[in-house]
Amino acid sequence: MKQIFSSKGIPVVPTIGNNDVWPHNTLLPGPNDITRTYSSMWSDFIPPESRASFLQGGYFSIEVVPGALAVVSLNTMYFYSSNEGVDGCPMSDDDDPGNQQFTWFEDQLKMFRSRQLQVWVIGHVPPTDGHYYSQCYGRYVELSLRFQDTILGHLFGHLNTDHFYFMKADDVHVDGDANLGTLNLADHTASLFDMLVADFSRLPGPQDGLDYGDYAVVNVNPSVVPNPYVRHSGHTRTT
């Protein structure tokens, strides 16, 4: 990464995913061996002023264009409903690692807003009510809508499918801490095209009085690394 990108002045901003931790899908509150390991591995990409937050919880921010543009790299493992090592942002627990990260995230957004910087938010597991613990998702949506003047967009991965969807103000009102299942495209009999058409058909059409401030777009990107499990002639091959 340093040789190919950093040496040419292209910023590299890493983020922790569910396949980067062990056991799979599980990350306990930090500091821990995983945050320490990645802090060392990614030391060239994490600015000194962000190393404390990364050691604590695997998240950090960096100004990629000084004085103009920043990236906030979230550790979505602390919001992910498949991570049984956390409690899912319960409102009564300020020490929950998800809540601590949201407090930090809000402070970062306030700071960048006060300095008139724009922000890209990145992470691995995308924010949906099917991927995040209920209260984590509600907090994410609330911050995203409240700081629309500062956040340029949301970039995530995990699903290996190039698409986008909307967060809306109604999503802020989420009750309970239900551990919701994750989306599995293989469970759907409809094609991806049919699924997207169905999703778009449920979007609100143009209407008087619609407040576009109640909506935010999340972009989910495919992997740039080819899937090692390639289906060919009815068989699965590994590369």
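This report looks at aromatic pairs, a helix contact and salt bridges in a predicted model.

## About the model

Residues are numbered from 1 along each chain as its sequence is written, and side-chain values use heavy atoms, with hydrogens and water left out. Because the model is predicted, local features need pLDDT of at least 70 and side-chain atom pairs count only at pLDDT 80 or more, while totals for chains, interfaces and linings use all residues.

## Aromatic pairs

Let's start with the rings. A search of the whole structure finds 10 aromatic pairs. Rings of Phe, Tyr and Trp (its six-membered ring) pair if their centres lie within 6.5 Å; planes under 30 degrees apart count as stacked, over 60 as edge-to-face and the rest as tilted. Y59 and W104 have ring centres 4.7 Å apart and planes at 50°, so this pair is tilted. Y59 sits in the loop between helix 2 (51–57) and strand 1 (60–65), and W104 is in helix 3 (residues 97–114), 45 residues apart. Helices (H or I, at least four residues) and strands (E, at least two) are DSSP runs, numbered from the N terminus. Both Y59 and W104 are buried; buried means under 20% relative accessible area, exposed over 50%, and partly exposed in between (1.4 Å probe, protein chains only).

Y140 and F156 make an edge-to-face pair, at 6.2 Å centre to centre and 75° between the planes. Y140 lies in helix 4 (residues 134–146) and F156 in strand 4 (residues 151–156), so the pair ties together parts 16 residues apart in sequence. Y140 is buried at 0% relative accessible area, and F156 is buried at 3%. Y140 and F156 also belong to one aromatic cluster with F79, F102, F105 and Y132.

## Two helices side by side

How are helix 3 and helix 4 oriented to each other? They are roughly parallel (angles under 35 degrees; over 145 is roughly antiparallel, 65 to 115 roughly perpendicular and the rest oblique). Their axes come within 11 Å and cross at roughly 5°; axes are lines fitted to C-alpha atoms, for helices over the stretch in contact, and angles run from 0 to 180 degrees between N-to-C directions.

## Salt bridges

The structure holds eight salt bridges, each a side-chain nitrogen of Lys or Arg within 4 Å of a carboxyl oxygen of Asp or Glu. One of them joins E106 and R146 (3.1 Å, N to O), linking helix 3 to helix 4 across 40 residues. E106 is buried at 17% relative accessible area, whereas R146 is partly exposed at 36%.
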